[in-house]
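Student: I've got the sequence and the model open. Can we go through the fold together?

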Amino acid sequence: MNEDDEKFPKERRRGPRIGGAIVEYSVQGREAPLKKAFIKDICIYGICVYVSEMIDKNAVLDLNIYLFGLETPINPKGKVVWQKPGGFLGYYNVGIEFADISEECTKILSDHIELNVKGKEEKGKERSILE
């Protein structure tokens, strides 16, 4: 392993990712109201969010994910696979793998990602999720 390998870890993402909007979450087993977090990025396998609290690794979360341009959220369950301090004071980056997601939600998310990835690739041409 050379010095660059240590500075820049190998990419481990399994699919294309896009930015998102807002997610509401609750940790299963806790009696607490839903909390809001900002989506850093999302793919069909999981989501990275900014949260204001430490969440235990392997915690199972109920999620309401609001995607740009869609009125109704998708509602998968997710499992925390990693957490580290974020770039913002008091916030954490949390990697969540989808543990239980319906076929309908997977299709909605897949179509949303495909549309937005293609939109980024088309230079100079704006695409709307509502097209």
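Tutor: Strands (E, at least two residues) and helices (H or I, at least four) are DSSP runs, numbered from the N terminus. This is a predicted model, where local features need pLDDT of at least 70, side-chain atom pairs count only at pLDDT 80 or more, and totals for chains, interfaces and linings use all residues. Residues are numbered from 1 along each chain as its sequence is written, and side-chain values use heavy atoms, with hydrogens and water left out.

Student: How many bridges join β3 to β6?

Tutor: Take β3 as residues 46–51 and β6 as residues 92–100. Within this pair, V49 stands opposite V94. The two strands run antiparallel, and the bridge count is six.

Student: In what order do the strands of the closed barrel run?

Tutor: The β3 and β6 pair is antiparallel. The barrel has six strands, in the order β1-β2-β3-β6-β5-β4.

Student: Which residues touch the most other members of the largest nonpolar core?

Tutor: A nonpolar core is a set of buried Ala, Val, Leu, Ile, Met, Phe, Trp, Tyr and Cys residues joined through side-chain atoms within 4.5 Å. Buried means under 20% relative accessible area, exposed over 50%, and partly exposed in between, using a 1.4 Å probe on protein chains only. The core has 24 residues, and those touching the most other members are V49 and I65.

Student: Which element gives the most to this core?

Tutor: The elements that give two or more residues are β1, β2, β3, β4, β6 and α2. α2 spans residues 103–121. With four residues, the top contributor is α2.

Student: Is P85 buried or exposed?

Tutor: P85 is found in strand β5, residues 77–85, and stands opposite Y92 in β6. Counting contact as heavy atoms within 4.5 Å, P85 touches Y91, Y92 and N93, leaving out residues up to four places away in sequence. Because its relative accessibility is 64%, P85 counts as exposed.

Student: How many disulfides does the count come to?

Tutor: C43 is buried at 2% relative accessible area, and C48 is buried at 4%. A disulfide here is a pair of cysteine sulfur atoms within 2.5 Å. By this rule the count is zero.

Terms used:
Pairing = 2+ DSSP bridges.
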